[in-house]
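User: Got a model open here. Can you walk me through a few parts of it?
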Amino acid sequence: MNLLTSMGLLPLIGAGLIALLPVSNAKLIKQGALLVSVLVAALGITMTIGFDRGVTGFQYVERYSWIPSLGISYQLGIDGISLILILLSVLLVPIVILAGWNESEGGRFSVKTFYVLILVLETMMIGVFAATDLFLFYVFFEAMLVPVYFLIGGYGSGARQAAAVKFLLYSLFGGLLMLASIIGIFVISGNQIGRTFDITALSTLEIDTTTQNFLFLGFFIAFAIKAPLWPLHTWLPDAAKSATPGTSVLLLGVLDKVGTFGMIRYCVELFPEASRTFTPLIITLAVISILYGAFLAIGQKDIKSLIAFTSISHFGFITLGIFAMTTQSNSGATLYMFNHGISTAALFLTAGWMISRRGSSTIADFGGLQRVTPILAWSFFIAGLSSLALPGLSSFVSEFLVLVGTYTRYPVAAVIATFGIILAALYILIPVQKALHGPTTAGNENLPDLNKREIAAIAPVIALIIALGFYPKPALEIINPAAQVTITKAGYSDPQPLVGGDK
Amino acid sequence: MTSENLVYLIALPLFSSALLMLLGRKADKWGHIFATLISASTFVIGAMEFFAMIDRPEASRAVTQKLFTWISVGTFNVDAGLLLDQLSIAFVLLITGVGTLIHVYSIAYMSHDKDRRRFFAYLNFFIAAMLLLVLGDSYLNLYVGWEGVGLASYLLIGFWNQKPEYATAAKKAFVANRVGDFGLSVAVMIAFANFGAVSFIGIEEKVGGASETALTAMGLMLLLAAVGKSAQFPLQAWLGDAMAGPTPVSALIHAATMVTAGVYLITRSNFIFDNAPTAQLAVVIVGTITLLFGAIIGMAKDDIKKALAASTMSQIGYMIMASGFGPAGYAFAIMHLLTHGFFKAGMFLGAGSVMHGMNDEVNMRRYGGLAKFMPITSITFGLGYLAIIGVPPFAGFYSKDKIIETAFNAGGLQGVLFGSAALLGAVITAFYMTRLMLMTFFGNKRWAQGSEPHESPFLMWAPMAVLAVGSVASGYLLYSGKAIVKWLAPVVDKNQHEHTEFLPPIVVTTLAVVAVIIGVSIAFIKYRGDLSESAPSEVSIFTRVIRRDLLQDDANEFLFMRPGQKLTQLLVKTDESVIDGAVRAVGSSALGSARGMRKLQTGYVRNYALLILIGALVALLAALAVTI
């Protein structure tokens, strides 16, 4: 059987089985969900091992005709970029389930519904990255909103309903623009090469400049909402603040990557000319996002909003890397997506544990945790160091690749973006000082440290952050060929060194 | 040549540090011993490498070790590679040697702290990171060590971070260092864009083809990095606060090794600076300003550690200045770095010994007459004192004298200017150090009754004694027969430049000795005899400004912190009211018009699910319409 389809179907079947379990047996439901997600993760690792690093193009290809009259097919396949993101998704789901063992309780819906939603979401995540048919991608892209909507609105805290609606409206708005562009490109394909949604075929279309610009914008705005780029970001802090930590991990760690993934796969690869036209604008927005997100993070009093704004800064780096269009910046951007996923997961999960122990997400309510809950404090601290891209940790490699790659083509943008590393020190060390250092705040003296389950959830994440910091080669080997293809498709080649290069 | 042993220099202490952290309290009993043995073993490896290096002919003294490919994307290839040459071996011996002595000292100094094991884990982590800094064969490997020592420094300054002001001091140090790291990052980018390489060898090979603009830019960015790490003007303000860390840390990290990394960076980058005279001039100017700035601050400090910190800043100013003079100065910068490593670490340990005997009192106004009670401390400290002010034949005399000479030799008006500044610095150094000696070890007893000071235990004074020997002898050993100059020449002076003399060396030496005599005399006149227990309050505006560290914190607050906080607040407000406000306005008007249709639905959740469905249907229909 085909691996990608099996992997995608497994969580869905799991969700179906869990739906049959009695609502009252919460423990069995959780164990079942964990088991399913671990199996999926195992498949994901198998797939990664079997992936041929030396070749470009899609692997594990599957293709079945779906609606032939429209040229729509069920078509899957992965290159290095989609592989790394699928791997990220399937690794994070079991960690999220394990870490947030009790966060499904006390929601508007049952515990059972929570895990059904999570597993359905996992199917959508695999599908959206694996689809090589534009229409199929769109279906996953939109359908994904449903479980997320219920996860935020049903299980979060505070103004969760409002946050969920805001998330949905933003996404739908973007989705509609993208839909318009999809219809547009379908019409053009019908005229030029026959009806198809196959993205490889679509990338060969000859589209006139004006049309291309409009089609590009439809896609780009949808993606810039998803991986929020300034000024389309205001849904994210609200959603992250309201959602449970686990949902936030999947939302910021994986779902938002659909935006940056889409920029590579659809914006750049389908509309290279328009990409070039809009590059100056996008790079400007990306640099603004980096600094703006960082300043806003510094100014936050709520730990979850703070993490959300750091992510806006990080998405700025990813977008910058994608549109700087050098091998280094592009590989760096893709690796950044993965690294941001794991380091944000570590931040959200540890922050979530702090919040559930203290019953507050206000940074000022914490203090002196390093001496009360040392393991929790160290986990949060290391996650923070990863977020500020300390050399030796994984995010440094990706952030530096983005910067060094960007510099060779857009030195000014790269230098301004580099100011982000100073601000990053502030937005991490300020909450670290307030929450972990200083005298222990009243009411915190007896907070329990991490239990074994929680350690089991965070330890692999931290191990991965350190391992990929020292040895990013396995990930880069997967990413590099795909990034190279993107650059070539976009019609770019790397700038040569000024001294001794081939001029 | 390659060597298989280099990696252990880093791997051993790194492993030990991780082990002590992961084992937690289980390792409390033996953690400090283990960490000290590990540190000692790195010194043994370093010494073995050193002797092996001496045996080899000059051309093949450097050894390398490639560990693995670290980052490889397109033409950007960085190996995890190590390079041990004449320059880095000097640092390896200093770091592991002084480092081990300070481990030994800390066993006793930290014996009452229940987190001693964690302290030693941090110390070992520092050793690993610092060795990586000086052994990395490329700017990016150096960068890992560079921020690694920054992290170690952050952790150790904040070792007692339950005190809020200590936690703030730690953060301040890290952020100031990050400003410097910005410079290092950009320097690496410039290197890659110009040379397609980031390794020292790769860049040096191609440096001749680069434009002077690029080299100047890269040089200035490297200088910024050095300024942050080495507490040079204008990023110097963090060093005084860093004294919040336990005193052995001040000795190792904030005196002997980490803060001197900027000097290493500039010396290592000699191939850049030698071709970028503008950047070199900037280096000299920064060094000159800082050597005076630190010395002036040191004149009015009553906190013994902060007085030594100001002195460190000033002495590193000398080193930075020397490194800015190019091949004529690199060797002397390193020489002063090494002698300073001995005498300043020794004096910091001495200060720790005094604090140990005085219930952690740091205010010199509460000291006095300690020579009688702490004979060993006062003698070892006194030898360090003679070394730093530059009394012949103690260590600092040779190294500082050479820097002053090099400054004059720069020639012309500049040479006179820089040379005079260096001489003036020597006067002030002699002044504030004599003041410190008199206030601490001589004069009237000013401590509280009933707390008789006592000499420190063997484990503490033995390292002080070893360092005192270095304070006496290291200068002459490095100087005689131009030992250090010849040793480093293959790295920093490949073309064997002929250095011109502006003034005969004997004249400069005489001037330097006269400077010392002037400084000592003024301090002696002012601070001999009995002192009061509190600092005089009726003082001139100059004294008050100096006591406020020449307004360094006020300037930072006025120029950066307050505007930064204002900007942050403004952006937070704007984000809520303007950007999100606009979104909400659009949203509510859209919802308003939709309210009429609301009745058709039973709940809004379904509303949106339906919307998605409609969207998909529209897509299908539109597609159909086109095809039919």
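This is a predicted model: local features need pLDDT of at least 70, side-chain atom pairs count only at pLDDT 80 or more; totals for chains, interfaces and linings use all residues.

User: What are the helix and strand percentages over residues 138–421 of chain B?
Analyst: That stretch of chain B is 75% helix and 0% strand. Its end C-alpha atoms are 35 Å apart.

User: Now the chain contact. How many residues of chain B are in contact with chain A?
Analyst: 58 residues of chain B, and they touch 64 residues of chain A.

User: Which elements of chain B give two or more residues to that side?
Analyst: Strand 1 (63–73), helix 5 (139–157), helix 6 (164–195), helix 23 (552–594) and helix 24 (604–627) of chain B. Helix 6 of chain B has the largest share, with 17 residues.

User: And by class, what is on the side of chain B that touches chain A?
Analyst: 34 nonpolar, 17 polar and seven charged residues.

User: Switching to chain A. How do helix 3 and helix 20 of chain A cross?
Analyst: Helix 3 (residues 80–99) and helix 20 (residues 473–489) of chain A have axes that come within 7 Å and cross at roughly 140 degrees. The two helices are therefore oblique to each other.

User: Which residues make the contact?
Analyst: From helix 3 of chain A, Gly80(A), Ile81(A), Leu83(A) and Ile84(A). From helix 20 of chain A, Ala475(A), Ile478(A), Ile479(A), Pro481(A) and Ala482(A).

User: How many of them are charged, and how many nonpolar?
Analyst: No charged residues there; eight are nonpolar and one is polar.

How values were computed: Residues are numbered from 1 along each chain as its sequence is written. Chains are lettered from A and ligands numbered from 1 in the order in which they are written. Axes are lines fitted to C-alpha atoms, for helices over the stretch in contact, and angles run from 0 to 180 degrees between N-to-C directions. Helices (H or I, at least four residues) and strands (E, at least two) are DSSP runs, numbered from the N terminus. Angles under 35 degrees count as roughly parallel, over 145 as roughly antiparallel, 65 to 115 as roughly perpendicular and the rest as oblique. Two residues are in contact if their C-beta atoms, placed from the backbone, lie within 7 Å. Ala, Val, Leu, Ile, Met, Phe, Trp, Tyr, Cys and Pro count as nonpolar, Asp, Glu, Lys and Arg as charged, and the others, Gly among them, as polar.
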